[in-house]
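Me: Could you take a close look at the salt bridges here, and tell me which side chains pair up and how accessible they are?

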Amino acid sequence: MKRLMVVLSLVVGVAASAQDTSARQMPGQHEEEAQAPEVPFVPTHQDDVERMLELARVRPGDVVYDLGSGDGRIVITAVRKYGARGVGVDIDPERIAEANENARRAGVEDRVEFRQGDLFDADIGEATVVTLYLLPSVNERLKPKLLAELKPGTRIVSHDFDMGDWKPVKQLETNGSTLYLWVVPERGGHRAPR
């Protein structure tokens, strides 16, 4: 029931966000120029951030990418607590500005980078860990990119939403949330479903 409520609130938020963006569109501006987030910003509770990074077994030397990074809390925590390097990708310039300010306040701005852009266009090849808090439909569309661009052994952790028929290596229930872990398989070996 809780998951259904979260999904419904996310879908309503996406619809409202899309309406708001089209209402602000300048006369003569093409629709493709105005990119609204597909997923509304819903911050991950800090306890869930910690558990996501623990589930991924983040350690020094890891490069943690958060796709749809919002205020930057996941990559900032990965850097500050685990000694990783972090990259956040978000389409919303306000979230990027907020994340950069949060990194500055945390004293980790030299080890994190926040990139404004569409997560489907992001160069993610250097990631050793990828974190997600997206909608199930977005996870499904993102799966081929993850499998094609990430190195075998890269860990992927999602907050609350799975990837359809790609079964997780591990699933954890915590504070009313579900966390999922996948590991990118070897090329040519057993492949995850697309």
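Reply: Happy to. Buried means under 20% relative accessible area, exposed over 50%, and partly exposed in between (1.4 Å probe, protein chains only). This is a predicted model, in which local features need pLDDT of at least 70 and side-chain atom pairs count only at pLDDT 80 or more, while totals for chains, interfaces and linings use all residues. Residues are numbered from 1 along each chain as its sequence is written, and side-chain values use heavy atoms, with hydrogens and water left out.

With a salt bridge taken as a side-chain nitrogen of Lys or Arg within 4 Å of a carboxyl oxygen of Asp or Glu, the structure holds 13 of them. One joins D92 and R95 at 4.0 Å, N to O. R95 counts as buried at 18% relative accessibility, and D92 does too, at 19%.

Another pairs R85 with E126 at 2.6 Å, N to O. That pair links distant parts of the chain, 41 residues apart: R85 lies in strand β2 (residues 85-90), E126 in the loop between β3 (112-116) and β4 (129-132). Helices (H or I, at least four residues) and strands (E, at least two) are DSSP runs, numbered from the N terminus. R85 is partly exposed at 34%, as is E126 at 31%.

Finally, E140 and K143 form a salt bridge, their closest N and O atoms 3.5 Å apart. They sit three residues apart in helix α5 (residues 136-149), so about one helical turn separates them. E140 is partly exposed at 32%, whereas K143 is buried at 0%.
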